[in-house]
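This report is meant for a reader who is meeting the structure for the first time.

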Amino acid sequence: SSGINAEWPLRPGNKVADVNVTKVMLTWTLQMGFPYVTTSLDNTTFPGSTIISLKQERFIVGEAKPDDISEYGYEWHIPFCYRYKVKNGAVKTSGIHWIWSDDDTSKTVTVNETIEWIKGNVDGNFYYLVNYGADNLAALATALENKELDGATDKTSLIYDVFRLAETGHVAYDKALDMTKYATAEKEYVVLSRILSEVLSAGDGVKTNETAYGNLWKYVAKMLKPRV
């Protein structure tokens with residue numbers, strides 16, 4: 001299980017009646033791989049509001065081959081949606097904001113509220129990863145600890161995303177591991193299983209470092225202690 005639901009939620013209730021589904025799907029079926037969307041929050045330009053900046057890029061492990069080309073330029077039509085925490089307020093869910101590859105690979109969304117954090121790709125329903133700035137990552141780690149972000153599918157997809165992006169150098173591993181600090185309080189087996197899988201996989205890279213590898217297992221033991 002990848003932590004991502006690869007089934008496209010183009011189904012009743014998701015308001016796609018005005019979207020050319022064929023146009024959308026061509027960018028997903030006629031080129032290899034998938035994108036990640038980098039997000040950033042601006043709470044200063046318009047006090048009391050938040051500008052969310054979104055930019056898509058191709059997710060790739062290693063270097064692309066010279067002949068690795070696509071008629072769509074490895075850009076996708078992306079239905080971006082997110083959960084967000086209003087400052088001193090509730091957690092809300094956005095509608096879908098389309099990033100059209102033939103229009104622009106980036107866009108901005110203005111929300112008339114001050115946002116503390118966003119978690120992109122609600123419930124991991126769509127086939128893209130989401131990257132965040134350092135402040136948002138720190139806020140998401142706190143949101144996990146405070147149970148503000150409490151849906152199992154949101155937590156699983158968030159953890160999956162940050163570790164995939166850490167593997168490819170887009171996120172520092174310490175920031176990815178911050179998402180697991182709350183794990184002693186995690187009750188959902190599917191989420192805990194994802195956390196353990198990612199932490200142990202990351203540990204493979206330090207097997208030759210006896211001290212680091214020992215610390216890793218101490219961390220895992222601490223995580224599991226409430227359950228054994």
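Rings of Phe, Tyr and Trp, with the six-membered ring taken for Trp, are counted as a pair if their centres lie within 6.5 Å; planes under 30 degrees apart make the pair stacked, planes over 60 degrees apart make it edge-to-face, and the rest are tilted. The model is a predicted one, and by this rule it holds nine aromatic pairs.

One of these pairs is formed by Trp28 and Trp76, whose ring centres are 6.0 Å apart; because their planes stand at 50 degrees, the pair is classed as tilted. This pair connects distant parts of the chain, since Trp28 belongs to helix H1 (residues 21-29) while Trp76 is in the loop between strand E2 (50-59) and strand E3 (78-80), with 48 residues separating the two. Another aromatic pair, that of Phe126 and Tyr128, is stacked, with 6.3 Å from centre to centre and 20 degrees between the planes.

How exposed or buried are the residues of these two pairs? The table gives the relative accessible area of each, and a residue counts as buried if this value is under 20%.

| Residue | Relative accessible area | Class |
|---|---|---|
| Trp28 | 9% | buried |
| Trp76 | 0% | buried |
| Phe126 | 5% | buried |
| Tyr128 | 0% | buried |

Phe126 and Tyr128 also take part in a cluster, in which ring pairs link them with Phe80, Tyr82 and Tyr84.

The last topic is a sheet. In general, the strands of a sheet pair through backbone hydrogen bonds, in either a parallel or an antiparallel manner. Here, four strands form an open sheet in the order E7-E2-E1-E9, and their pairing is mixed. Strand E7 (106-111) and strand E9 (129-131) are the edge strands, each of them pairing on one side only, and from one strand to the next the twist averages 25 degrees. Which way do strand E1 and E9 run relative to each other, parallel or antiparallel? Strand E1 (residues 34-42) and E9 run parallel and are joined by three bridges, and Val37 stands opposite Val130 in E9.

Conventions. Residues are numbered from 1 along each chain as its sequence is written. This is a predicted model: local features need pLDDT of at least 70, side-chain atom pairs count only at pLDDT 80 or more; totals for chains, interfaces and linings use all residues. Side-chain values use heavy atoms; hydrogens and water are left out. Two strands pair if DSSP finds at least two bridges between them. Axes are lines fitted to C-alpha atoms, for helices over the stretch in contact, and angles run from 0 to 180 degrees between N-to-C directions. Buried means under 20% relative accessible area, exposed over 50%, partly exposed in between (1.4 Å probe, protein chains only).
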